[in-house]
Amino acid sequence: MSDVGFHLAFWSLSALTIGGALMIIVSRNLIHAVIFLILSFIGVAGLFITLSADFLALVQILVYVGAIAVLMLFAILLTPRAARDNEESLMRYPAMILMGLVIAAGVFVALETDWGPMREGAIGTQAKIIGESLINQYVLPFEIGAVMLTAALVGAIALARQDDEDLPIHTASLIEEGVLPPPDGDAADAPAGPGDDS
Amino acid sequence: MPDAIVLSEFAGIGMPDWVDALIRLVFIVALMTLNTLALIYLERKVLARFQARVGPTRTGPVGILQSAADALKLLTKEDVRPHSADRWVFELAVFFVFVPVFLMFIPIPFTETWFIRDLELGFLYVFAVLGLNIVGVIMAGWGSDNKYALLGGIRAAAQAISYELPMLLAAAGVVMIAAGHLLDAGLVGGALNLNTIVDQQRTTPYILLQPLGFVIFMIGALAEMHRPPFDMPVAESEVVGGYFVEYSGIRWSMFFLAEYTGLFLMVMLGSTVFLGGWNFPFGADAGLGWQIVLTLAKASAMIFVLFWLRAMFPRLRIDQLMAFSWKVLLPFALLQVLANGIILAYGGPDWVVGLVSLALLVSLVALIYVLVRAKAGGDSIHLEPARPRLVTSTEVASGD
Amino acid sequence: MEQLIENYGAVLLAVPVGAFLVLNAIIATKVLAPRRSTRLKGQVYECGMLPIGRNWAQVHVRYYIFAILFLVFDVEIVFLFPWAASFLGLMDSGGAVGPAPFDKVILWQMVLFILTLVVGLAYAWRKGVLEWSSERVR
């Protein structure tokens with residue numbers, strides 16, 4: 001791609017990322033916020049591409065958009081009434097202070113870092129390099145990652161799982177188990193098999 | 001195909017890269033539109049034959065203009081949006097559903113030299129972009145402000161994410177084998193590149209080495225595109241058409257364009273990855289003409305099988321659908337990956353890989369058969385809905 | 001490397017092309033199709049009945065659990081792909097720990113990784129999370 005095309009891509013992707021991020025804060029509706037977040041994620045993936053990190057870009061799309069954003073959408077739909085009318089809350093002042101500090105820290109890092117051109121780019125195929133370093137250098141973190149993923153899974157299930165008592169109980173199955181008496185009256189003499197269509 | 005040659009030579013004579021890409025994309029746009037029109041017509045015809053009917057006959061000779069007439073009707077149909085719908089989410093959902101499907105075309109090789117762009121991680125790219133589609137589906141479902149649409153949307157999303165996992169694992173199995181072949185050929189990298197994967201199948205298509213992977217891939221493809229028998233989220237009789245209930249006219253047809261294009265893409269991917277793309281019976285040396293014919297013939301055969309499956313099976317219930325993915329396909333796909341890894345690492349030849357995969361496939365089929373039989377026997381009634389109380393004839397007579 | 005960015009330039013280009021296609025169709029229908037909006041037409045379609053309330057049905061928690069399961073296995077697959085593309089080559093070149101038989105460590109560490117996650121899947125299965133119907137298996 002020509003230089004012009006590259007700059008066009010970089011600036012449009014940056015605009016998408018930052019614009020999406022700003023709109024997350026501005027939008028009152030949580031579903032809208034997640035959609036802007038997705039746009040922002042896509043922008044970040046594009047920026048990874050401009051850094052020749054194609055594997056990271058695809059993982060960004062696959063995991064962040066394909067899984068985490070969908071998870072967020074489900075979570076929002078799970079909470080009743082949260083998305084339509086996002087109320088004012090007292091928590092927003094501490095949140096504003098906290099985010100202000102985070103932004104200040106980010107700006108400080110950005111200003112203090114000695115930015116320079118990358119000395120060595122990712123050579124060869126990225127996926128291969130990542131695979132090799134996973135196997136050679138980062139074996140232990142890799143296995144710990146598996147344990148952490150499993151722990152996250154178990155934790156989520158333990159938190160979200162319904163208790164048995166909450167389950168709807170069907171009268172028919174209770175009668176079958178003998179908890180409830182069968183319906184009285186003249187129904188008793190009728191043959192009450194499930195396959196019977198009388 | 002002289003056109004194809006001219007296009008790829010365009011880049012050779014110093015055409016700017018983006019113009020070359022644009023020409024190829026426009027070519028794809030035309031292909032996609034024609035493909036959708038043709039597939040809708042063919043599906044109606046084929047399904048009709050399966051059901052001992054004749055299908056559309058009135059528009060043009062043997063009804064061949066039926067799709068064109070439908071398209072014209074949809075174009076001139078009023079475009080209605082519910083007043084209570086969330087305007088922007090509703091309108092943007094169409095784009096979010098369609099554009100990812102369009103993007104999936106980019107790494108798919110039609111012939112040895114004709115593709116839009118040769119992406120090094122093309123295989124992973126297709127799945128990544130496919131994931132974007134899910135967001136569009138949820139947006140359509142939620143934005144319509146319709147209960148059925150929301151239900152269809154989240155069900156579609158749950159189904160799509162569930163079947164993406166076995167599909168990705170089946171893909172990983174192919175990547176492992178391709179990596180081994182590339183290593184034998186003395187090449188570095190490229191095991192995720194769709195063109196390289198096809199190139200490795202000059203003698204043996206990967207369906208012979210990964211029959212289980214192929215079956216899982218095809219089931220996943222059906223489920224991802226919400227095709228029958230996995231069309232629960234878009235079923236008329238359950239959720240009034242699913243996430244696009246509120247869409248009408250051309251917007252509705254955009255969902256269909258996305259669905260049929262996605263179907264075509266999935267079979268193209270299956271044909272390149274498992275059936276050897278442009279290879280055999282004449283080999284890659286047969287020239288571009290034969291290559292594109294072979295790729296498309298394999299894809300068409302697979303589409304026909306998918307139509308056949310639609311005619312053959314009743315719709316799966318949502319609980320069966322999810323259980324099938326998580327309890328049957330996912331464990332088998334994991335087994336396949338583990339088996340591949342162990343055999344390849346210990347230097348097992350290709351035919352062992354194929355045989356083990358075949359054995360796994362046979363056990364999968366046997367398992368399904370046993371499960372279906374057990375259910376038909378009525379022993380495990382836990383999957384059935386609660387029975388209503390029997391109303392006896394005496395009750396009816398007494399007027400209760 | 002330059003080639004990589006050029007290739008994805010086509011992806012970036014395909015986004016407006018695809019969007020333009022949809023936009024074109026919508027504009028065409030705006031020109032061709034009749035537009036007579038009424039209050040009744042603007043109603044949500046619920047098979048002819050007047051809709052009751054909004055769409056804000058609270059969705060079931062099981063969707064969330066399936067999404068979490070998906071996320072975990074998605075991350076696993078993200079690790080699996082680079083490994084699948086390179087493990088044979090690494091074993092040939094001597095491996096991480098040493099020459100044969102230790103080069104097989106590369107295989108078994110991934111087997112361990114997958115089995116760890118299978119434990120998670122088995123847990124979910126055992127706890128009945130994979131069950132869709134609310135009537136539990138006895």
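Which residues of helix 3 of chain C are buried? In this predicted model, the buried positions of that helix are Ile106(C), Leu107(C), Gln109(C), Met110(C), Phe113(C), Leu117(C), Gly120(C), Leu121(C) and Ala124(C). An α-helix has 3.6 residues a turn, so residues three or four places apart point the same way. Helix 3 of chain C covers residues 105-126, and its 22 residues should span 32 Å at 1.5 Å a residue. The C-alpha atoms at its ends are 31 Å apart, which agrees with that expectation. Just after this helix, Gly128(C) adopts a positive phi of about 75°.

Helix 3 of chain C also takes part in the contact with chain B, as do helix 1 (2-32) and helix 2 (61-92) of chain C; each of the three supplies at least two residues to the side that touches chain B. In total, 61 residues of chain C are in contact with 71 residues of chain B. Helix 1 of chain C provides the largest share of the chain C side, 19 residues. By class, the side of chain C that touches chain B comprises 42 nonpolar, 10 polar and 9 charged residues.

Chain C is also in contact with chain A, through 47 residues of chain C and 51 residues of chain A. On the chain A side, the elements that give two or more residues are helix 1 (3-26), helix 2 (30-50), helix 3 (54-78), helix 5 (126-136) and helix 6 (139-160) of chain A. This side of chain A has 33 nonpolar, 11 polar and 7 charged residues.

Chain B contains 15 helices and 0 strands. Of its 400 residues, 55% count as buried. Among contacts in chain B between residues at least 6 apart in sequence, 77% join residues at least 24 apart.

One helix pair within chain B was examined in detail. Two packed helices are described by the angle between their axes and the distance between the axes. The axes of helix 3 (residues 66-75) and helix 11 (residues 249-273) of chain B come within 7 Å and cross at roughly 135°. Helix 3 of chain B is therefore oblique to helix 11 of chain B. Ala71(B), Leu74(B) and Leu75(B) of helix 3 of chain B make the contact with Gly249(B), Ile250(B), Trp252(B) and Ser253(B) of helix 11 of chain B. By class, this contact has 5 nonpolar, 2 polar and no charged residues.

Definitions and conventions
Residues are numbered from 1 along each chain as its sequence is written. Chains are lettered from A and ligands numbered from 1 in the order in which they are written. This is a predicted model: local features need pLDDT of at least 70, side-chain atom pairs count only at pLDDT 80 or more; totals for chains, interfaces and linings use all residues. Two residues are in contact if their C-beta atoms, placed from the backbone, lie within 7 Å. Helices (H or I, at least four residues) and strands (E, at least two) are DSSP runs, numbered from the N terminus. Ala, Val, Leu, Ile, Met, Phe, Trp, Tyr, Cys and Pro count as nonpolar, Asp, Glu, Lys and Arg as charged, and the others, Gly among them, as polar. The expected span of a helix is 1.5 Å times one less than its number of residues. A residue is buried if 20 or more other C-beta atoms lie within 10 Å of its own, exposed if 12 or fewer, and partly exposed in between; C-beta atoms are placed from the backbone. Axes are lines fitted to C-alpha atoms, for helices over the stretch in contact, and angles run from 0 to 180 degrees between N-to-C directions. Angles under 35 degrees count as roughly parallel, over 145 as roughly antiparallel, 65 to 115 as roughly perpendicular and the rest as oblique.
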